[in-house]
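I opened a notebook for a structure that was new to me. The entries below follow the order in which I looked things up.

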Amino acid sequence: MHITDYSEYQIAYQKSLEEPDLFWAEIAEHFHWRKKWNKVLEWNFEEPNVKWFQGAKLNITENCIDRHLEKNGNKIALIWEPNDPSEAHKTYTFIELHKEVCRFANVLKNMGVDKGDRVCIYMPMIPELAFAVLACARIGAVHSVVFAGFSANSLADRINDAGAKLVICSDAMSRGSKQLPLKNVVDEALKTCSTVEKVLVVNRLNWPIHLRNGLDFVYDMEAEKVDENCPATEMDAEDMLFMLYTSGSTGKPKGVVHSTAGYMVYTAYSFLNVFQYDIDDIHFCTADIGWITGHSYILYGPLLNGATTVMFEGVPNHPDPSRFWQLIEKHSVTHFYTAPTAIRSLMQSGTDHLTPFAMHSLKVLGSVGEPINEEAWHWYHVNVGKERCQIVDTWFQTETGGILISALAGISPTRPAHAGQPLPGIHAVLLDSKGNEIEGNDKEGYLCIKFPWPSMLRTTYGDHERCRQTYFSAYKGYYFTGDGARRDENGLYRIIGRVDDVINVSGHRFGTAEIENAVNQNKNVVESAVVGYPHELKGQGIYVYVICQNMPEAAEQNWLRSSIIQTVAEEIGAIAKPDKIQFVSGLPKTRSGKIMRRILRKVAEGDVSNLGDTSTLLDPLVVEEIIIGAVL
Ligand code: WT7
């Protein structure tokens, strides 16, 4: 399953198109199955119905941990680095990880968690987060990790949608120079959650917490009651492994569902080949486990390959912008995987913070989450990679589970700002607006995938029709990614960005409707419209047009802005705070009441030279007002 040169890639790609069943069956042979499959693939994109490795029985944690014990039990599986460099780091060998996960799993069982139950995990980047995720997988409970930056309201929505029985959290968390009370947020969220029976609290900062009898349990106390042996629960290939909420073009985030066997096979395969992982490599992915990148390339992908993975609690610029480089040297990191937004923010601090660090261990640099601009690509290449490391720009989505388009490090052609070619098994195509496939190179279109791959989403939790509508109805017979892309002269893909009402802020995805809903919760707001605009650091910034009962006086506008920002932080979380707010007396609407976002986007971008046809607007005069009042 390991591709070692370009011709092998080409052969594998060809084979994956011509004989997909055989291709994936051979890869699947590399895993530990309690029972092998009867059928490699069954599918149609109409319902959609996608099933991989039917009939197979397995547990993914046996593949992540147990099967490495005999040969590599004393190898380090997990290196954990705290937020604060004065605190000691921790390491866990595969043997130790096995014990921790089993113990955690036994605690969950003791608390009444069964196979199929949904467990919501709301935690900072501490080792227990990894244990909790794997413990769920061990006993067949479905984990739903919610990024700890989301507010109580967002957390409650996700708990309720999943019908979670248990919430796992910590007392509090440290992030950069801030400390935040996580257990309090959970308490607040649970006021509107009826399915949650218990809360399990892991101690991180020794904060006093409010413990309610029969509801709240402290992990350390529960862990004393159990041993560190927990046989893995046997799962069917298509049993749900986890769900992960992500935003779409409607107001309500959806729970993207991933199943067991296909996710396992694809994350392991993509990790190995994209990063060209070698036995002694140290992999450092800076994402949070609250996002798909963390699931697939901090935890599952590396562990499935028996790799050493680094988990970092902190942020790039705490206590100073050299933190990443220090960690790379400290742990002899070979693979460093981060987001363009982090690179751009470190770029702002110049290069002095990098000079003392030669980082000889580095071999491969990864980028993920949003398009990486050429300037950031070169800075990364020159200053971090010292012009001797491969860069892989990896394109994927929460829904795709694993990386679909990327160079294989050192093997396939790369070009700045281009993700590159699809991985074997990924039948990527560009479609025009009529749904016809665009042949040939040097072409632009809607990025779609024509054939199933093992780690694709199976459904959106509790609402299969929404899954069909969102991904499989725009172009019949294709999975629609929501991204526009260009295939260059050499067939390398460059991802241009979302073509739906989704914006990507620092690699985090939000629906414009979702932010509008939040803004509208502010009692001063009558109506709002949200668009993205190019932002130097964040990729895209959030621009909000707001209508109030009466046009606010200049003197009122500042506190109104703060109040609206506060509302969004409460409704969604601090990560969705608007960057710019413009008060308007009306929005450019068509006679049928549809907001012409094209105009709003242009104004937010500061480019009003060509607003296109505005003749269908109900009140063309509002456009003038909007242009004059633009916040630039
Ligand atoms: C959207 C998916 C999977 C990574 C974390 C974000 C954008 C992702 C790239 C890239 C250009 C990228 C796309 C995609 N995106 N990676 N390498 N180059 N754009 O996951 O929240 O599900 O967002 O992120 O627009 O559709 P996500």
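Before placing any residue, I noted that helices (H or I, at least four residues) and strands (E, at least two) are DSSP runs, numbered from the N terminus. The model is predicted, so I kept in mind that local features need pLDDT of at least 70, that side-chain atom pairs count only at pLDDT 80 or more, and that totals for chains, interfaces and linings use all residues. Residues are numbered from 1 along each chain as its sequence is written, and side-chain values use heavy atoms, with hydrogens and water left out.

**Entry: Gln 566**

I looked up Gln 566 and found it in helix 16 (residues 554–571). For accessibility I used these classes: buried is under 20% relative accessible area, exposed is over 50%, and partly exposed is in between, with a 1.4 Å probe and protein chains only. Gln 566 has a relative accessible area of 42% and is therefore partly exposed.

**Entry: helix 2**

Which residues of helix 2 are buried? In this helix, residues 20–28, I listed Pro 20, Phe 23, Trp 24, Ala 25, Ile 27 and Ala 28. These buried residues pack against helix 1 (6–18), strand 1 (39–44), strand 2 (49–54) and helix 9 (260–275). Contact here means heavy atoms within 4.5 Å.

**Entry: nonpolar cores**

A nonpolar core is a set of buried Ala, Val, Leu, Ile, Met, Phe, Trp, Tyr and Cys residues joined through side-chain atoms within 4.5 Å. In soluble globular proteins, nonpolar side chains tend to be buried together. The largest core in this model has 124 residues, and Trp 33 and Phe 53 touch the most other members. Helix 9 gives the most to this core, with 11 residues. I then listed what Phe 53 is in contact with, leaving aside neighbours within four places in sequence: Trp 24, Ala 28, Trp 33, Trp 37, Lys 39, Val 40, Ala 237, Ala 261, Gly 262 and Val 265. There is a second, separate core of 42 residues, which includes Ala 518, Val 525, Val 530 and Val 544.

**Entry: helix 4 and helix 5**

For helix pairs, axes are lines fitted to C-alpha atoms over the stretch in contact, and angles run from 0 to 180 degrees between N-to-C directions. Helix 4 (residues 94–110) packs with helix 5 (residues 127–139) at an angle of about 65 degrees, their axes 8 Å apart. Helix 4 is therefore roughly perpendicular to helix 5. Angles under 35 degrees count as roughly parallel, over 145 as roughly antiparallel, 65 to 115 as roughly perpendicular and the rest as oblique. The crossing is right-handed. A crossing is left-handed if the near helix is turned anticlockwise from the far one by less than a right angle, and right-handed if clockwise. Among the residues in the contact are Leu 97, Val 101 and Phe 104 of helix 4, and Phe 131, Leu 134 and Ile 139 of helix 5. By class, I recorded 12 nonpolar, one polar and four charged residues. Ala, Val, Leu, Ile, Met, Phe, Trp, Tyr, Cys and Pro count as nonpolar, Asp, Glu, Lys and Arg as charged, and the others, Gly among them, as polar.

**Entry: helix 3 and helix 10**

Helix 3 (residues 60–72) packs with helix 10 (residues 292–304) at about 55 degrees, with their axes 8 Å apart. That angle makes helix 3 oblique to helix 10. The crossing is left-handed. Ile 60, Asn 63, Cys 64, Arg 67 and His 68 of helix 3 meet Tyr 300, Leu 303 and Leu 304 of helix 10. This contact divides into five nonpolar, two polar and one charged residue.

**Entry: backbone checks**

Most residues other than glycine have a negative phi, and most peptide bonds are trans. Where are the cis bonds I looked up? One runs from Glu 47 to Pro 48, with omega near -5 degrees, and Pro 48 lies in the loop between strand 1 and strand 2. Another runs from His 318 to Pro 319, with omega near -5 degrees. Pro 319 is in the loop between strand 17 (308–312) and helix 11 (323–330).

Gln 276 is not a glycine, yet has a positive phi of about 50 degrees. Gln 276 sits in the loop between helix 9 and strand 16 (282–285), and is buried at 16% relative accessible area.
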